[in-house]
Amino acid sequence: MNLSPLHIVLVGVLGLLGVGLYGLLVSRNLIKVLVALQILVKAALLGFILAGSASQQIAVSQSLALTVIVADTVVAVIGMALAVQIKRRLGTLDVGMLSSLKE
Amino acid sequence: MWETILIFLMCSFAIQAIRAKRLLASALWLAGVSALLSILFYLLGAYQIAVIELSIGAGLVTVLFVFAISIAGEDAIGARPLIPLPLALGLVLLSILLLAWFVLPAPLEEHVADEASLSTALWEARSLDVLLQITLIFAGVLGLLGLMAEAKAPLEYPAADETSAQRDRELEALQRQSLGIEKEST
């Protein structure tokens with residue numbers, strides 16, 4: 001099977017999506033969850049640029065990717081601030097222990 | 001050729017980022033993924049986004065992660081995930097295989113550099129996106145300020161005592177004054 005370079009990149013998008021999804025499922029640390037989310041978003045970014053490159057509209061795909069980068073950075077910042085506050089209030093970053101109502 | 005090497009390295013870095021026991025190592029592997037991704041963007045012809053990804057993804061976000069980890073500390077968490085590992089692996093493999101079945105037959109040809117520049121596309125065709133980005137950044141900063149704000153420090157005990165003593169004195173003076181007024185009226 002002879003894959004073109006763009007098909008190899010598409011395989012890479014799928015691989016990154018898989019790794020990110022797996023990390024999101026198995027991580028218990030809040031900051032680790034954020035890392036998994038970042039990997040997922042990077043896969044989506046690569047997909048955007050790949051689509052632009054294949055359809056010869058790289059400028060449009062770049063402007064969309066820019067929006068995704070901004071949104072992703074804001075999500076990461078807010079997520080980290082939430083993680084720090086949760087660590088301060090509850091003393092743990094474990095996703096399974098977060099609910100203070102659970103007793 | 002280069003794409004294959006980069007994709008392989010990127011996926012292995014991503015796996016390392018998920019598997020790493022220490023959070024700091026995880027953040028650094030993630031920065032490696034970002035750096036490799038920016039090289040790949042450059043190869044695909046997205047030069048501006050390559051630079052932005054390198055500076056924001058590998059630079060800013062990594063610094064933020066290291067900052068957050070240094071505040072929150074390395075938390076030792078029991079290795080047992082909430083979902084059994086084989087189930088998670090099976091679900092991920094299933095979804096990725098389904099996705100591959102749908103997208104891999106797509107015809108993809110070698111790219112041709114297009115003439116329109118990023119600034120034209122961004123400011124003319126997708127100017128609404130710029131507004132959205134500004135709003136997002138503004139909302140992000142506001143949210144961050146609200147979240148990172150420390151609770152106000154309580155008054156130091158001597159200061160609190162002094163304040164309450166002063167209030168007592170004022171209250172006493174008021175009472176005496178009102179008593180004096182009553183006496184005068186009688």
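Chain B has seven helices and zero strands, where helices are DSSP runs of H or I of at least four residues, strands are E runs of at least two, and numbering starts from the N terminus. Along the sequence, the pattern of chain B reads α-α-α-α-α-α-α. Before I go on, this is a predicted model, in which local features need pLDDT of at least 70 and side-chain atom pairs count only at pLDDT 80 or more, while totals for chains, interfaces and linings use all residues. Residues are numbered from 1 along each chain as its sequence is written, and chains are lettered from A and ligands numbered from 1 in the order in which they are written.

How much of chain B is buried? Of its 186 residues, 21% count as buried; a residue is buried if 20 or more other C-beta atoms lie within 10 Å of its own, exposed if 12 or fewer, and partly exposed in between, with C-beta atoms placed from the backbone.

Now for the contact between the chains, which takes 72 residues from chain B and 63 residues from chain A. Two residues are in contact if their C-beta atoms, placed from the backbone, lie within 7 Å. On the side of chain B that touches chain A, α3(B) gives the most, with 12 residues. The residues of that side divide into 53 nonpolar, 12 polar and seven charged. Here Ala, Val, Leu, Ile, Met, Phe, Trp, Tyr, Cys and Pro count as nonpolar, Asp, Glu, Lys and Arg as charged, and the others, Gly among them, as polar.

Let's look at two helix pairs. α3(A), residues 58-90, packs with α6(B) at an angle of about 10°, their axes 9 Å apart. Axes are lines fitted to C-alpha atoms, for helices over the stretch in contact, and angles run from 0 to 180 degrees between N-to-C directions. That makes α3(A) roughly parallel to α6(B); the cut-offs are under 35 degrees for roughly parallel, over 145 for roughly antiparallel, 65 to 115 for roughly perpendicular, and oblique for the rest. The residues of this contact divide into 13 nonpolar, six polar and one charged.

The second pair is α2(A) and α3(B), at about 175° with axes 12 Å apart, which makes α2(A) roughly antiparallel to α3(B). Who meets whom? A:Ile31, A:Gln38 and A:Ile49 in α2(A) meet B:Ile49, B:Val61, B:Ala68, B:Ile69 and B:Ala72 in α3(B). That contact has seven nonpolar residues, one polar and no charged.

Let's stay with α2(A), where 21 of its 25 residues are buried. A:Gln56 follows α2(A) and has a positive phi, near 60°.

On to the largest nonpolar core, where A:Leu16, A:Ile31, A:Ile39, A:Leu46, A:Ile49, B:Ala14 and B:Val33 touch the most other members out of 71 residues. Such a core is a set of buried Ala, Val, Leu, Ile, Met, Phe, Trp, Tyr and Cys residues joined through C-beta atoms within 7 Å. α2(A) gives the most to this core, with 15 residues. Neighbours within four places in sequence aside, A:Ile39 is in contact with A:Leu16, A:Val19, A:Gly20, A:Gly23, B:Ala14, B:Ala17 and B:Val33.

A:Val26 is buried, because 23 other C-beta atoms lie within 10 Å. With neighbours within four places in sequence left out, A:Val26 is in contact with B:Pro81, B:Ile83, B:Leu85 and B:Ala88.
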